[in-house]
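Subject: Structure handover and what was found in it

Hello,

I am passing on the structure that we talked about, with the sequence beside it. Please open it first and keep it in view while you read the notes below.

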2 protein chains.
Amino acid sequence: MGEKAAQPLRADAERSVRAILEAAERVLADEPGASMEQIAAARGVARTTIHRRFASRQALIEALATSAARQLAQAVDDGRPDTAPPLVAMHRITANVLQVKGAWAFALGLPEDPDSEAAVLQQDIGRRCIAVLKRAQDDKLIDEAADLDWVRRTYYALIGESLHGSTEGADPDTLAARIIDTLLHGAGPRG
Amino acid sequence: MGEKAAQPLRADAERSVRAILEAAERVLADEPGASMEQIAAARGVARTTIHRRFASRQALIEALATSAARQLAQAVDDGRPDTAPPLVAMHRITANVLQVKGAWAFALGLPEDPDSEAAVLQQDIGRRCIAVLKRAQDDKLIDEAADLDWVRRTYYALIGESLHGSTEGADPDTLAARIIDTLLHGAGPRG
DNA sequence: AGGAACTGCAACAGATATGTCGCAGCTATC
DNA sequence: GATAGCTGCGACATATCTGTTGCAGTTCCT
């Protein structure tokens, strides 16, 4: 239930919402059960000021999930998954996604209501992901007998794992390269 | 701070503790923020009965993490990581770990205090994991230039991902086989 | 410039979770 | 079979989180 511009917010209101969501992400990322009070403190305002924009804690969380999911979808789109050569698309998408997932780790790790906008977006992303993999398979980059759904899950897992250690250890492109390489070739000896 | 048999619990007390931990895992697995009340209900007793054994919510959570970590360590040991041939050890360990992680998903996904017993056990498991991979590398199963720490993280990620979809879809051995195969060969075309 | 929308907060109210205590009745274990 | 340890629970005390309302001051938009 994302605010579909039902009432186009005034400029300052929109800024306000963004600032609150960013503060919420920051706080919840390292304390998932944090209270509204803590989130408000991170934003530098009183708790009730947040309640003005978000009727309930639940509403805030949902907005957070939706906002993050939109950014993630954008990150995928920016990689031109349907037109760029598969390897290029995979690399670009991976690098983009790493950045978004790094910035919105909590929001994107949230269990989502099956009929929320966030869930719909995630499913769409999943479909586009499979599509790219299919194109890669057609180009003989992926084994023709491979189960693309398992490949996609492996891909997701590698991205998730890349965000754990030394988050700022290397630039997204380096990390992306390693992910794609591991996805396609594994750890075994090179031919 | 696991109870190091400081005072050997009476037989029934030990049973009691186990039952509570199992109920807690069950409830917390699908509602991480569940209250003591809900956990008590799952166990079929009053909330205060749980408080008798676990002074605080925190204490219960820690005990849960420690108990699960011990079982995980046991699962690894059972695979004879130091003596069995690397491939055999990897397969057995993977199958064992899948079972334990499936049963204690919440407890093992808990962020842990660096100096808790659970954390120490996890680190030890990590070391043994690296050791097995090293043996596999010596046997030319893993590329000699591979970064074993990244391989380990990839391995962890694959295990985690295997537990998401259709958890009871296949037996642990089948899942383990796929994990090892993907770890070593990736999704690319087979030679 | 002027009105509508927005920010900000204190004070209040209600709900919920946590933790303590004491008493009554079982059950291992010696 | 006695006794120390255990279970179980109701009642109470407390802390914390959530959500509402009313009022004062500020900022956007036309």
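A:Lys140 is exposed, having 10 other C-beta atoms within 10 Å, where a residue is called exposed if 12 or fewer other C-beta atoms, placed from the backbone, lie within 10 Å of its own, buried if there are 20 or more, and partly exposed in between. This residue sits in the loop between helix H7 (117-138) and H8 of chain A, and A:Lys140 has a positive phi of about 65 degrees although it is not a glycine. In chain B, B:Lys140 lies in the loop between helix H7 (117-138) and helix H8 (148-162), its phi is positive at about 70 degrees although it is not a glycine, and B:Lys140 is exposed, with 10 other C-beta atoms within 10 Å.

Before going further, please note that this is a predicted model, in which local features need pLDDT of at least 70 and side-chain atom pairs count only at pLDDT 80 or more, while totals for chains, interfaces and linings use all residues. Residues are numbered from 1 along each chain as its sequence is written, and chains are lettered from A and ligands numbered from 1 in the order in which they are written.

Chain A as a whole has nine helices and zero strands, where helices (H or I, at least four residues) and strands (E, at least two) are DSSP runs numbered from the N terminus. The C-alpha trace of chain A spans about 60 × 35 × 25 Å along its principal axes, and 34% of its 191 residues count as buried. Two residues are said to be in contact if their C-beta atoms, placed from the backbone, lie within 7 Å, and among the contacts in chain A between residues at least 6 apart in sequence, 62% join residues at least 24 apart.

Another loop residue to look at is A:Arg80, found between helix H4 (57-77) and helix H5 (86-103) of chain A. A:Arg80 is partly exposed, with 14 other C-beta atoms within 10 Å, and its C-alpha atom is separated by 29 Å from that of A:Ser166, which is 86 residues apart from it along the chain.

How are the two chains related? A rotation of 180 degrees with 0.0 Å of shift along its axis superposes chain A on chain B, with an RMSD of 0.1 Å, the copies being superposed by least squares on the C-alpha atoms of residues with pLDDT of at least 70 in both. This is the relation of a two-fold axis. Of the residues of chain A, A:Gly186 comes closest to the rotation axis, with its C-alpha at 2.0 Å.

The contact between the chains takes 25 residues from chain A and 26 residues from chain B. On the side of chain A that touches chain B, helix H8 (148-162) and helix H9 (172-185) are the elements that give two or more residues, and H8(A) gives the most, with eight. That side divides into 11 nonpolar, eight polar and six charged residues, where Ala, Val, Leu, Ile, Met, Phe, Trp, Tyr, Cys and Pro count as nonpolar, Asp, Glu, Lys and Arg as charged, and the others, Gly among them, as polar. Because 96% of the interface residues of chain A are also interface residues in chain B, the copies meet through the same surface.

H8(A) and H9(A) also meet within chain A, where A:Thr154, A:Tyr155, A:Leu158, A:Ile159 and A:Ser162 in H8(A) touch A:Leu175, A:Ile179, A:Thr182 and A:Leu183 in H9(A). By class, this contact has six nonpolar, three polar and no charged residues.

DNA strand D is surrounded by 23 residues, of which the closest are A:Ala11, A:Ser35, A:Ser56, B:Ser16 and B:Ala46, and here H3(B) gives the most, with four residues. By class, the surface near DNA strand C has seven nonpolar, seven polar and eight charged residues, while the surface near DNA strand D has seven nonpolar, seven polar and nine charged.

Best wishes

Note on methods: A residue is near a molecule or strand if its C-beta atom, placed from the backbone, lies within 6 Å of it.
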